[in-house]
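Please read them alongside the sequence and the coordinates.

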Amino acid sequence: MKKILLILDFSGTLSLEAVRFGAPARLEAALRDAGLWTLGIDVARYWDEVVGPTWIEGSSTQIGLKGLLARWLEARGVAATLAARRAARFVQSYMAASEIDPAWQRLFAALRADPRAITLIATDHYVEATRQIARQMAKLGWAALSLQLRNGRIARRRRNALVAPPMALIANSAELGVAKAEPLFWQRVQAGLRAAPDRIVVVDDFGASEQADDSYADPARVERRRRQTIAALEQTFAAPVSTVWFTLARPVAQTIDEILALVADADGVSRQNN
């Protein structure tokens, strides 16, 4: 029986609310509610001084968004305890909003009954996202294991209390130390899979769904990230790669139909949907 590695992006694909959280009015409300606005972090500073300059560090280390926010505040004279408390309040709000859209439930229900599929949620994100993804999978009745780089080796860590199948793997760039567009990310994923897939299906927005104020959504960067990610997958795995490029304008139901058709294609004809 052929094994199919189904790679699902999180923010902007499975979780539409994760990117909607960054809409100007909603982000302003969250910054105010967390008490960050009164400490100097408005919408522009959030993107231009906190997220933008530190994204590589934040998405490839264990510092987390909480740590980055607190560091920015402390550098401007805010007491460490106050900075940490308000940063934590904001991150909690952001993660609570990062839910898997209910429209994707049909996909996970179908995957539950398909022994060929290895489900992997792969994301460029802050370290806090791993726990939230695991919680979301638990709500769908899925157990979850995250892949982590520990002492130069890849470990698998159980992330929720569910122990029975189905099982999803989580690969977060913050825990693997490198972005998805890099071959090293997928080499580390490969080390944690413990199975060699015969085919790969990747579903991703490649950053196109992010807010316009987020430099991550720059169209040139999105296209470069898409090409690099596909090339990295092809370089790492000796298996054909099919891609489904998801956007907010694309109905989830239509995307699910396409994914299931690709998963059901036992012959594994390699193609890319642009």
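This is a predicted model: local features need pLDDT of at least 70, side-chain atom pairs count only at pLDDT 80 or more; totals for chains, interfaces and linings use all residues.

1. Helix α10 spans residues 219-236 and holds both Glu-223 and Arg-227, four residues apart, about one turn of the helix. Helices here are DSSP runs of H or I with at least four residues, strands are runs of E with at least two, and both are numbered from the N terminus. The side chains of Glu-223 and Arg-227 meet in a salt bridge, at 2.5 Å from N to O. A salt bridge is a side-chain nitrogen of Lys or Arg within 4 Å of a carboxyl oxygen of Asp or Glu. Glu-223 is partly exposed, with a relative accessible area of 24%, while Arg-227 is exposed at 54%.

2. Residues are numbered from 1 along each chain as its sequence is written, and side-chain values use heavy atoms, with hydrogens and water left out.

3. How many salt bridges does the structure hold? The count is 14. Another of them pairs Glu-49 with Arg-45, at 3.6 Å from N to O. Both residues sit in helix α3 (residues 43-58), four residues apart, about one turn of the helix. Glu-49 is partly exposed at 33% relative accessible area, and Arg-45 is partly exposed at 36%.

4. Arg-116 forms a salt bridge with Asp-114, the closest N and O atoms being 2.8 Å apart. Asp-114 counts as buried because its relative accessible area is 15%.

5. Ser-146 belongs to strand β3 (residues 143-150). It is buried, with a relative accessible area of 0%. Not counting residues up to four places away in sequence, Ser-146 touches Thr-130, Ala-155, Arg-156, Arg-157, Arg-159, Ile-170 and Glu-175. Contact here means heavy atoms within 4.5 Å.

6. Arg-157, one of the residues that Ser-146 touches, lies in strand β4 (residues 153-158) and is partly exposed at 37% relative accessibility. Together with Arg-131, Arg-135 and Arg-150, Arg-157 forms a positive surface patch. Patches are made of residues with over 30% relative accessible area and no salt bridge; like charges are joined within 9 Å, and nonpolar side chains (Val, Leu, Ile, Met, Phe, Trp, Tyr) within 5 Å. Lys and Arg count as positive and Asp and Glu as negative, with His and the chain ends not counted.

7. Which backbone angles deserve a check? Phi of Asn-151 is near 50°, a positive value in a residue other than glycine. Asn-151 lies in the loop between β3 and β4 and is exposed, at 84% relative accessibility. Phi of Arg-194 is near 60°, again positive in a residue other than glycine. Arg-194 lies in the loop between α9 (183-193) and β6 (199-204), and it counts as exposed at 67%. Most residues other than glycine have a negative phi.

8. Leu-111 is in helix α6 (residues 105-112) and counts as buried because its relative accessibility is 4%. Leaving out residues up to four places away in sequence, Leu-111 touches Leu-6, Ala-117, Thr-119 and Trp-142. Leu-111 and Leu-6 are 105 residues apart along the chain, with 9.6 Å between their C-alpha atoms.

9. Thr-13 and Leu-248 are both loop residues, Thr-13 between β1 (4-8) and α1 (17-20), Leu-248 between β7 (241-245) and α11 (252-264). Is Thr-13 buried or exposed? Thr-13 is buried, with a relative accessible area of 0%, whereas Leu-248 is partly exposed at 42%. Neighbours within four places in sequence aside, Thr-13 is in contact with Trp-104, Val-203, Asp-204, Asp-205 and Phe-246. The C-alpha atoms of Leu-248 and Ala-238 are separated by 31 Å, at 10 residues apart along the chain.

Definitions and conventions
Buried means under 20% relative accessible area, exposed over 50%, partly exposed in between (1.4 Å probe, protein chains only). Accessible areas come from the Shrake-Rupley method with a 1.4 Å probe; for residues, only the protein chains shown count as cover. The place of a charge is taken as NZ of Lys, CZ of Arg, CG of Asp or CD of Glu.
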